[in-house]
Amino acid sequence: MAPNKLAIASISLSQYPGHTLDHKIRAAAQAGIAGIEIVYNDLLTYSKAQNIPIHTAAQKIHTLCLETNLQVLSLAPFENYEGSTTPLKERLALAQHWLELARLLHAPYLQVPSIFTADCTRDEKTIISDLQQLADLASSNKPVVSIAYEPLSWGTNCSTWESALSIVQRVDRPNFGLLQMDAETKLRDSLRRFVRDCPREKIFYVQLSDAERFEPPYSLAHPWALPGEAKEFTWSKHARPFPLEVEFGAYLPVVEIARAWIVEVGFEGWVSMEVFDRNMRDGRVSPEMAAKRGVEAWRKVQIEMESKSRI
């Protein structure tokens, strides 16, 4: 079996408001999951429910994670930062707030998705400078927080691992690296290039999910469609089950992708489950059920990766 430790995003344990962050943490720990990505809105909801400041909430969550032997992997997602037309001073002030929370959580990573709003610059020098200043801010206090940069498939300026790696190399900071997300011939070529070209030390952690096909096929008349929203974003929000959950429509070549990212690259760090299952919104799927699904999905992926390694 792969040596990687398993984590899960808090939002992937339930999207039902009644399932609180502390409940999710206990469920993940009971299932044998080793780490958790704290989603900011889950932390905010928890602080409001407890009627405490969000910084106090972060401290309480850190204590709970210590008690349950669960490591906080990241605080996520710090969105629409680089190249935004809002004043950089304001964005860095907001980043400082997030970094304070990350340190209170003892999270080694701040997850930063590539910007996906149209209200941004396309100037590469500005984008790189913004990210350098973010990385420098994250390393200006101890402990240093690393920036896990995530190339969204619907990103405005960065939507592939290759464009993200180019940005990482140009930012040129030790605490700035990649968060790799799960995306016939073109795929195989892309995976070969990734194994060949991506420095292992710049992969901070890997997120896995699967996806189901749109039914009916996507169009602007689809019930999930929103005006102006990228179809990839729509798909991502509604139809991402755990890897290999064919019973929920999963069909992506997750094993081939994971094998390239993990086995062939020799990556031994964290693997995290980040899924967005619309069936988790009404409370019928408990955090305990979701945690067990995540553990079982990773078990299946590992078995399949090992099987393909023997071929």
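Contact here means heavy atoms within 4.5 Å. Helices (H or I, at least four residues) and strands (E, at least two) are DSSP runs, numbered from the N terminus. The model is predicted: local features need pLDDT of at least 70 and side-chain atom pairs count only at pLDDT 80 or more, while totals for chains, interfaces and linings use all residues. Residues are numbered from 1 along each chain as its sequence is written, and side-chain values use heavy atoms, with hydrogens and water left out.

H2 itself spans residues 40-50, and its buried residues are Tyr40, Asp42, Leu43, Tyr46 and Ser47. Viewed down the axis of H2, these residues fall within an arc of 165°, so they line one face of the helix. The arc is that of the directions from the helix axis to the C-beta atoms. Buried means under 20% relative accessible area, exposed over 50%, and partly exposed in between (1.4 Å probe, protein chains only). Asn41, Lys48 and Ala49 are exposed, on the face of H2 turned away from its buried side. Just after H2, asparagine 51 has a positive phi of about 55°.

Histidine 19 lies in the loop between strand S1 (6-9) and helix H1 (21-30). With a relative accessible area of 13%, histidine 19 is buried. Its side chain makes a polar contact with that of serine 14 (2.7 Å). A polar contact is a pair of N or O atoms within 3.5 Å; within protein, one must be able to donate a hydrogen and the other to accept it, and residues adjacent in sequence count only if both atoms are side-chain atoms. Leaving aside residues up to four places away in sequence, histidine 19 touches Ser14, Lys24, Gly283, Val285, Ser286 and Pro287.

Val285 is also among the residues touched by arginine 293, which is found in helix H10 (residues 287-310). Arginine 293 counts as buried at 15% relative accessibility. Its side chain makes a polar contact with the side chain of glutamate 245 (2.7 Å). Again not counting residues up to four places away in sequence, arginine 293 also touches Phe242, Phe248, Asp277 and Met280.

Helix H9 (residues 254-264) is largely enclosed by the rest of the structure, because eight of its 11 residues are buried. These are Val254, Val255, Ile257, Ala258, Arg259, Ala260, Trp261 and Ile262. Just after H9, glycine 266 takes a positive phi of about 80°.
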